[in-house]
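Let's work through a few exercises together, one step at a time. Keep the sequence and the 3D view open as you go.

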Amino acid sequence: MAIEAELKAVVRDPEALLAQLEDQYGAGRAEVYRDTYYDAADGSLMGEDRELRIRTVFGPDDTRTVLTYKGARVDESSGSKPEHETRVEDADAAHEIVKGLGFTPRIRFEKRCRNYDFKRDGRHLLATLVRVPELNATFIEVETAATTQDDLVPALAVVRAVLTDLGIGEDDLTTELYTDAVSAARPA
């Protein structure tokens, strides 16, 4: 079981953090994510803290679509979840397949991201500076993969160390899901 060992934080000074990321990890990769989250008709998927998402990523060199399923949180303090994803060839077909299986689009939104891939302590990490146009905030996500539940603690320790090096403190961390924040920001 692969677990996405991830921490997310609110960024107080986006320009300074961007400069620090560029200095430490080189030029980031600018991408726009268009996410559609699906749920069962009765809301049971999201109600059980699970996610079914189709994400289309628009990058400088290509466009790709990824189908992702995330199980319920296995660590409340970080919000880390088991994650399974695969690239799909045809975004429209993927949406039709998921709808044909009885799932309904619940929320769609866009994330403007700048990604930094690097290694630390033998782990591949991804740091992403995130801006969601509907939210008045910038976020930093740092993630790596934990291979087992027992590997989650050391994986999160590396993620925390990266955030600490970037000047992100425990008070800046959040486990609020983008889906919840965007829903709350939209008029009823």
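This is a predicted model: local features need pLDDT of at least 70, side-chain atom pairs count only at pLDDT 80 or more; totals for chains, interfaces and linings use all residues.

Residues are numbered from 1 along each chain as its sequence is written, and side-chain values use heavy atoms, with hydrogens and water left out.

**Exercise 1.** Find how many bridges join strand S4 to S5.

*Solution.* Start by locating S4 at residues 63-70 and S5 at residues 81-88 (strands are DSSP runs of E, at least two residues, and helices runs of H or I, at least four, numbered from the N terminus). Next, count: 6 bridges join these antiparallel strands, and two strands pair if DSSP finds at least two bridges between them. As an example, Thr68 stands opposite Glu85.

**Exercise 2.** Work out which residue's backbone nitrogen the side chain of Asp39 reaches.

*Solution.* Then follow its side chain, which reaches the backbone nitrogen of Met46 at 3.2 Å.

**Exercise 3.** Identify the element that gives the largest share of the largest nonpolar core.

*Solution.* Begin with the core itself, which has 24 residues (a nonpolar core is a set of buried Ala, Val, Leu, Ile, Met, Phe, Trp, Tyr and Cys residues joined through side-chain atoms within 4.5 Å; buried means under 20% relative accessible area with a 1.4 Å probe, protein chains only). Finally, compare contributions: helix H4 (149-165) supplies the largest share, 7 residues.

Key:
A polar contact is a pair of N or O atoms within 3.5 Å; within protein, one must be able to donate a hydrogen and the other to accept it, and residues adjacent in sequence count only if both atoms are side-chain atoms. Buried means under 20% relative accessible area, exposed over 50%, partly exposed in between (1.4 Å probe, protein chains only).
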